[in-house]
Amino acid sequence: MNPTSAAVAPISNIHSYHSHIYFNDAAQRERAAILRDQVAERFTVQLGRWRETPVGPHTSPMYQIAFDIALFPALVPWLMLNRQDLAVLVHPNTDNPRRDHATHALWMGQVLPLHTAMLSESITDDPLRPIEPNTTPGIAA
Ligand code: ZN
């Protein structure tokens with residue numbers, strides 16, 4: 001095996017995705033709430049709870065949207081068009097959470113700082129949880 005091919009990561013390394021929707025003031029939080037409802041109405045996802053203060057690597061209040069790989073081609077473009085001018089992070093969930101946030105991150109709008117050094121570089125001490133959808137969409141995206 002040559003060194004170049006060893007560095008190529010297959011997309012099968014991706015187990016699922018997260019999107020994080022950030023807000024820093026009351027007006028942004030209001031728009032984040034609208035976006036949250038719109039996502040829940042349209043997509044089968046796992047909506048995380050409101051995080052009113054920074055948690056983990058995140059330096060702003062936010063909530064998380066966890067979703068399966070099959071949903072990426074629908075949800076991510078929808079967020080591009082409808083993100084309410086909020087900063088949005090989309091990252092894959094592989095076996096390397098630090099790299100997922102630091103290197104493999106996809107940002108919409110403002111790129112916010114993340115405390116990536118605190119994240120594990122292996123899945124063994126940061127196990128992936130299966131996505132358990134908690135939305136009941138009734139509107140076509
Ligand atoms: Zn995440």
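Predicted model: local features only at pLDDT ≥ 70, side-chain atom pairs only at ≥ 80, totals over all residues.
Biologist: Why is H18 called buried?

Modeller: H18 has 17% relative accessibility. Buried means under 20%, so H18 counts as buried. H20, at 2% relative accessibility, is buried by that rule too.

Biologist: How do you know which strands are the edge strands of the sheet?

Modeller: The sheet is open, has five strands and runs in the order β2-β3-β1-β4-β5, with antiparallel pairing. β2 (46-47) and β5 each pair on one side only, and these are the edge strands.

Biologist: What makes β1 and β3 a pair?

Modeller: Six bridges join them, and the two strands run antiparallel. Pairing requires at least two bridges, so β1 and β3 qualify. On the level of residues, Y22 has M62 in β3 as its bridge partner.

Biologist: Which helices lie against these strands?

Modeller: α2 lies across β1, β2 and β3, running at about 15 degrees to β3. α3 packs on the sheet and touches β1, β3, β4 and β5; its direction makes about 35 degrees with that of β5.

Biologist: Which residues of helix α3 are buried, and how do you know that they line one face?

Modeller: In α3 (residues 72-82), the buried residues are L75, V76, W78 and L79. Viewed down the helix axis, the buried residues fall within an arc of 160 degrees, so they line one face of α3. An α-helix has 3.6 residues a turn, so residues three or four places apart point the same way.

Biologist: What covers that buried side, and what does the face turned away from it carry?

Modeller: The cover includes β1 (16-22), α2 (26-42), β3 (62-67), β4 (88-93) and β5 (106-108). The face turned away carries the exposed residues P73, M80 and L81. After α3 comes Q84, whose phi is positive, near 60 degrees.

Biologist: Why is the contact of R29 with E52 called a salt bridge?

Modeller: The closest N and O atoms of R29 and E52 are 2.4 Å apart. The limit is 4 Å, so the pair is a salt bridge. It links distant parts of the chain, with R29 in helix α2 and E52 in the loop between β2 and β3, 23 residues apart.

Biologist: Why are R29 and E52 called partly exposed?

Modeller: R29 has 28% relative accessibility and E52 has 42%.

Biologist: How many salt bridges does the rule give?

Modeller: The count comes to three. One of them joins R42 and E41 at 3.3 Å, N to O. Another is formed by E121 and R98, whose closest N and O atoms are 3.3 Å apart. That pair links the segment after β5, which holds E121, to helix α4 (residues 97-102), which holds R98. E121 is partly exposed at 47% relative accessible area, and R98 is partly exposed at 28% relative accessibility.

Conventions:
Residues numbered from 1 in each chain as written. Heavy atoms only, no water. Buried < 20%, exposed > 50% of the residue type's maximum accessible area, 1.4 Å probe, protein only. Helix = DSSP H or I, 4+ residues; strand = E, 2+ residues; numbered from the N terminus. Arc of directions from axis to C-beta. Contact = heavy atoms within 4.5 Å. Axes fitted to C-alpha atoms, helices over the stretch in contact; angles between N-to-C directions. Salt bridge = Lys/Arg side-chain N within 4 Å of Asp/Glu carboxyl O.
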